[in-house]
Amino acid sequence: MNNVDSTLLFLCFFFSISSSSHVHLAGAKQTASNITASSENPFTPKASLIRYWNNHINGDSPKPLFFISKASPLTPVDSTRFASLASNHSLHTRHSDFCSAAKLFCFPELAAHSLEKHGDDVDFAAYSGKNFTNYGSDRLSGADSFKNYSGGDNIAVDSFRRYSRNSAGHDEGFTTYAGDVNVADQTFTTYATGTTGGSGEFTSYNTNANEPNGRFTSYSDKANGRSQTFTTYSDNGNNGEQTFTSYSKNGNGAPNEFSGYGTGSNVVKSGFTKYGENGNEANDSFTSYGGNGNVPVNDFKGYGDGGNGAVYGFKNYRDQSNIGVDSFASYAKNSNNEKVNFVNYGKSFNLGSDNFTGYGKGNVGGNVSFKTYGQGPSFKEYTKDGVVFAHYTNNNVSSSGKTVNKWVEEGKFFRESMLKEGTLMQMPDIKDKMPERTFLPRSIVSSIPFSSSEIGEIRRVFGAGENSSMSGIISSAVSECERPASHGETKRCVGSAEDMIDFATSVLGRGIVVRTTESVVGSKKKIVIGKVNGINGGDVTRAVSCHQSLYPYLLYYCHSVPRVRVYEADILEPESLEKINHGVAICHVDTSAWSPSHGAFLALGSSPGRIEVCHWIFENDMTWNIVD
């Protein structure tokens, strides 16, 4: 028996004895906030957190239930076992067990065995989490339907590899695929490669998804006359990324249609690399692509290079969106008789950024038309022949003459004068959109790497592939945490409750209290402000605000917030005036260092340093303040 096994056996025996004997540790008594250790095993992460609070925060500060509830649900035995594995860099060997026991956010593992070839038409309804490899390959005609596939899942992970490869006249329909999911991750690799005829239809794909991520690699390569249609793809999605690499490469007469793609989405990034390269007589249409989006980012590299007689149409592309960014590099370069038409391109509410590099260079016999094209482009090495610009606009403002941003939700930011009893106002959507997770015990999180130089090891711990969505999530969070602090800001990312307490006390001292809005009742509705209480008498004070970051375990970005006023307010139902919630709001008195493009100024119509800006503390976010 090794030392770890001996230790675990001893701990199991000790825990059972201590639990049956009702052993309690000092400081784990019931408090006014209904937190008790009388029925809690004294060796659980929760009991440990209660003791840590008692030892590091002054006794007059109440222990909030919402904060203590974020402690890890690991049993004492599991805590010891996983801490030992982490310290020995072996946590990845128990990845699935660790994710499940600690209630972490990890992508589910796909089925070990792929679905092989099939001979009949198949209808997939209410289906999810599968690996489709070699599925439908060499199929002659027929149709497969994916309806309500992965719908409503928290994490939808699907892989379509070599699907419908070398088939003839085979149709696939994806209807309401991965809709309303929290994190969607789909991979289409060598999908429909070498097919003849047939069609692939994506309707309502990733609609209303949070973090929709789709990768289309070598999709429809060398296809002959195959039609692909993307309708209402990633509509109203939040912060996702779609990648089309070598899509329709060397295709012959393959029409592709993107209609309503990314409409109403928030920061959806699309990458088209070598799309339609060397295609023959291709016909691609982008209609209402990225319309009404918030900061849509699109990258077209080597799109249509070397193509012959292709027609590309961009109609209402990124229309009425906010601050979009598009890059067209080597688009239609060295092509023959290609036609590209941009109609109502980029008529965004706020200044966008478009780059056309090497666009149409070497194009023979084709033409490019820009009609009512928006603002802010950069054209480098752009072909000078056969290009028509009509109604090109350099500025885009509202009828009032002010730049507007309709993407700042009503009520998200407001003035301090609104926090008065009897005020009728809009409550924004304060519901937490993140997947449910918990903190890790400090004994575990301290042994898991967290730096950009160790991304590979982090991916290994959480079972994330090199180019997977989870890898991107991890890299993004680590990068944000490593970003240098702003002027006058003190910041730290924390993955344990103890680390958060340490940071808050280092900034504010030990006499502190943590607050958040009580619930999400009233969210996205009109509410009336009831009784208002100014923390610290309503005087300007300091605070530490902590906001969640998307990561496998519960990770908070905490930072010091100087010169603020913090308020508690009863929230009332407008008709009955009954109390339905108890909100916490923070007002930033000094906004001089904020960006002029900050949503608060776009919503309230001002500029840095000229006004104070208030907002509610959203669900599961929190603010630490000095005790009154």
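The disulfides of the protein follow the pattern 1-2, 3-4, 5-6, 7-8, with bonded cysteines counted along the chain. A disulfide is taken here as a pair of cysteine sulfur atoms within 2.5 Å. A search of the whole structure finds four of them. The structure is a predicted model, in which local features need pLDDT of at least 70, side-chain atom pairs count only at pLDDT 80 or more, and totals for chains, interfaces and linings use all residues. Residues are numbered from 1 along each chain as its sequence is written, and side-chain values use heavy atoms, with hydrogens and water left out.

Three of these links are described here, including that of C99 and C106. A disulfide is a covalent bond between the sulfur atoms of two cysteines. The sulfur atoms of C99 and C106 are 2.0 Å apart. The angle about their S-S bond is -70 degrees, and the link is left-handed. Both C99 and C106 are buried. Buried means under 20% relative accessible area, exposed means over 50%, and partly exposed lies in between (1.4 Å probe, protein chains only).

C481 and C493 form another disulfide, again with sulfur atoms 2.0 Å apart. This link is left-handed, with -95 degrees about the S-S bond. C481 lies in helix α8 and C493 in strand β23 (residues 491-494), so the bond ties together parts that are twelve residues apart in sequence. Helices (H or I, at least four residues) and strands (E, at least two) are DSSP runs, numbered from the N terminus. C481 and C493 are buried.

C587 and C614 are also joined, with a sulfur separation of 2.0 Å. Their link is right-handed, at 110 degrees about the S-S bond. The pair connects distant parts of the chain: C587 is in strand β28 (residues 579-588), C614 is in strand β29 (residues 613-616), and they are 27 residues apart. C587 has a relative accessibility of 0% and so counts as buried. C614 likewise counts as buried, because its relative accessibility is 0%.

Attention now turns to the nonpolar cores. A nonpolar core is a set of buried Ala, Val, Leu, Ile, Met, Phe, Trp, Tyr and Cys residues joined through side-chain atoms within 4.5 Å. In soluble globular proteins, nonpolar side chains tend to be buried together. The largest core has 34 residues, and those with the most contacts inside it are F98, L104, L440, I444, F462 and I474. Two or more residues come from each of α4 (76-87), α5 (95-102), α6 (442-445), α7 (455-461), α8 (469-482) and β27 (555-572). Helix α8 gives the most to this core, with six residues.

F462 has contacts with H95, F98, L104, C106, I448, I474, P552 and Y553, leaving aside neighbours within four places in sequence. Contact means heavy atoms within 4.5 Å. A second, separate core has 26 residues, among them L49, V544, M622 and W624.

Helix α8 has 14 residues. From first C-alpha to last it reaches 20 Å, close to the 20 Å expected at 1.5 Å a residue. The expected span is 1.5 Å times one less than the number of residues in the helix. Buried residues of α8 include I473, I474, A477, V478 and C481.

A83 lies in helix α4. A83 is buried, with a relative accessible area of 15%. A83 and I444 are 361 residues apart in sequence, yet their C-alpha atoms are 4.6 Å apart in space. A83 touches S443 and I444, not counting residues up to four places away in sequence.

Strand β30 (residues 622-626) is largely enclosed by the rest of the structure, because four of its five residues are buried. Two strands pair if DSSP finds at least two bridges between them. β24 and β30 pair in the antiparallel sense over four bridges. Here I512 has I626 of β30 as its bridge partner. Strand β26 (residues 541-549) also pairs with β30 in the antiparallel sense, over three bridges. The bridge partner of V544 in β30 is W624.

S523 is found in the loop between β24 (512-515) and β25 (526-534). S523 is buried, with a relative accessible area of 15%. Its side chain makes a polar contact of 3.3 Å with the side chain of D429. A polar contact is a pair of N or O atoms within 3.5 Å; within protein, one must be able to donate a hydrogen and the other to accept it, and residues adjacent in sequence count only if both atoms are side-chain atoms. Beyond neighbours within four places in sequence, S523 is in contact with M427, P428, D429, I430 and K431.
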